[in-house]
Amino acid sequence: MSKKLILVFVGVIFFSGFNVANADVIINEVAWKGTHTGSTHEWLELFNTGTSVDISGWTIKDGETPAQLNITLPPGVTIGSGSFYVIKRTTSDITLFDFSTSFSGGLSDSGEKLILADSVGIVKQILNFSSGWPDSAMTSDKTMQWNGLSWATAAPTPGVANQNLATSSI
């Protein structure tokens, strides 16, 4: 076997080893309006579509400088394959949550740019709703939910699969 072929073979094996984990954590649901009991009862939901991954130190920030929204996930946090992770404001009345934080000022009712990054700062997702949230009239308790193809508004589903929203996508 030639030295070039051996080098290529070793290179392929070496670099393919770095792709063993397929972690696709996304912001899956946003309750920017709060709940029926309080407008500050906001929460965010992450969903892992890939293999289990440690999300310690991951951040969610807004697009402002300096960031008004600045969430850093605590040490020792793992999100399993097909699992959810709910982050709520300390004042939220939802009972199902994984991490409670102050959100450093909360989510803007007029819209927000949300940036999800891993622990080393690699951006995993950007949601740009800075020009306004869906259902921005603020007349319902609906949340913004990802249905696999698009964003839609529907009744809140913290910690469980979102509704089938194909007919109400935005």
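Visitor: Which strand holds T143?

Guide: T143 lies in β11, residues 143–146. Strands here are DSSP E runs of at least two residues and helices are H or I runs of at least four, numbered from the N terminus. This is a predicted model, where local features need pLDDT of at least 70, side-chain atom pairs count only at pLDDT 80 or more, and totals for chains, interfaces and linings use all residues. Residues are numbered from 1 along each chain as its sequence is written, and side-chain values use heavy atoms, with hydrogens and water left out.

Visitor: Is T143 buried or exposed?

Guide: Buried, because its relative accessibility is 1%. The cut-offs are under 20% for buried, over 50% for exposed, and partly exposed in between (1.4 Å probe, protein chains only).

Visitor: What polar contacts does the T143 side chain make?

Guide: One goes to the E29 side chain at 2.6 Å. Another reaches the side chain of Q145 at 3.0 Å. A polar contact is an N or O pair within 3.5 Å; within protein, one atom must be able to donate a hydrogen and the other to accept it, and residues adjacent in sequence count only if both atoms are side-chain atoms.

Visitor: New topic. How many residues are in the largest nonpolar core?

Guide: 27, and L46, I55, I60 and L114 have the most contacts inside it. Such a core is a set of buried Ala, Val, Leu, Ile, Met, Phe, Trp, Tyr and Cys residues joined through side-chain atoms within 4.5 Å.

Visitor: Which strand gives the most to this core?

Guide: β1, with three residues.
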